Amino acid sequence: MGIIDRLKNEGVLKLYHDYRSGSFRDWSGNDNDGTPSAGNLNRDRYRNDTITTGITVSDSAELRLASAGTFVFYGDFEYDSTNRQALCAKRDAGGTNYYLYLDNGGSNLRFFDGTSDRFAAFSTGDRYLGVSFQSGGTPILYRNGATPISFNNSVSPSADDAELQIASQQNLNGAISSDFSAVLIVSRALTATEHAELYAELDAMVWPSKVTGKVQADIDDSLDTAVQFKTDWGVTESVA
């Protein structure tokens, strides 16, 4: 049994989006499906190529992490000196639970817990960015399943009922530079061994290359009601 199935059986996998499936469905079984506002979805990834929110997930109890957790982003990540790229942001005017982003002021992945903004270095071309934390402790970044890198200080997130945004652009200067193939949220800190295993499993995964039946239905169900959404399967959805 692979690590994704083990995490599901353990009950700690709270969100699993894999955009290579051709949908914004939550494969964790928790119904934390995403709704795209715009962008491009193809066989390899999702990219938000407009100045908008990328993918929105409604608030749920499973996504309110405070004591511990892990965020995993799999794709192709690039430093952008113009735009701050939000990997995931659970924040609104009422408060912040967590906000992980790629900084436009330096090649850093930052973790803002509503009070403190911590950072660890990443590199353009990274395929896997995994962040594990324990409240009151220093988060750890795992790049490509390799040696852990400590953030510069501790975080202490507080649960908040804000919606979750994935792959959104924060500076309103242009499209973001990174591609997202999969996003996972886990309600405990994964070990270095688990990160390495998860990276290998995501990297080896192959989804069907043709949109049919259930996959097409998931795309249809994921669409907002005033969105034109493009895929490289030759399907263009336009809902008035």
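## Close-up views of a predicted model

**View A. Two sides of helix 2.** In this predicted model, the face of helix 2 that is turned away from the buried side carries the exposed residues Thr193 and Ala204. The buried residues of helix 2 are Glu194, His195, Leu198, Tyr199 and Leu202. Because these residues cover an arc of only 135° around the axis, they lie on the same side of helix 2. Helix 2 runs over residues 192-204, and its 13 residues reach 19 Å from the first C-alpha to the last, which is close to the 18 Å expected at 1.5 Å a residue.

**View B. The surroundings of the buried side of helix 2.** The buried residues of helix 2 pack against helix 1 (3-10) and against several strands, namely strand 1 (13-18), strand 6 (68-77), strand 11 (126-134), strand 12 (140-143) and strand 15 (179-186). A salt bridge joins Arg6 to Glu197, with the closest N and O atoms 2.9 Å apart. This pair links distant parts of the chain, since Arg6 belongs to helix 1 and Glu197 to helix 2, 191 residues apart. Arg6 counts as partly exposed at 33% relative accessibility, and Glu197 counts as partly exposed at 29%.

**View C. The largest nonpolar core.** This core has 34 residues, and those with the most contacts inside it are Phe71, Tyr98 and Leu100. Among the elements that give two or more residues to this core are strand 6, strand 7 (85-92), strand 8 (95-102) and strand 15. Leaving aside residues up to four places away in sequence, Tyr98 touches residues including Leu63, Phe71, Cys88, Phe111, Leu164 and Ile185.

View D. Because Asp179 lies in strand 15 and Arg45 in the loop between strand 3 (40-41) and strand 4 (46-47), the pair ties together parts that are 134 residues apart in sequence. Asp179 counts as buried at 12% relative accessibility, whereas Arg45, at 21%, counts as partly exposed. Arg20 forms a salt bridge with Asp18, with the closest N and O atoms 2.8 Å apart. Arg20 counts as buried at 8% relative accessibility, and Asp18 counts as buried at 0%.

Key. Residues numbered from 1 in each chain as written. Predicted model: local features only at pLDDT ≥ 70, side-chain atom pairs only at ≥ 80, totals over all residues. Heavy atoms only, no water. Helix = DSSP H or I, 4+ residues; strand = E, 2+ residues; numbered from the N terminus. Expected span 1.5 Å × (residues − 1). Buried < 20%, exposed > 50% of the residue type's maximum accessible area, 1.4 Å probe, protein only. Arc of directions from axis to C-beta. Contact = heavy atoms within 4.5 Å. Core = buried A, V, L, I, M, F, W, Y, C linked by side-chain atoms within 4.5 Å. Salt bridge = Lys/Arg side-chain N within 4 Å of Asp/Glu carboxyl O.
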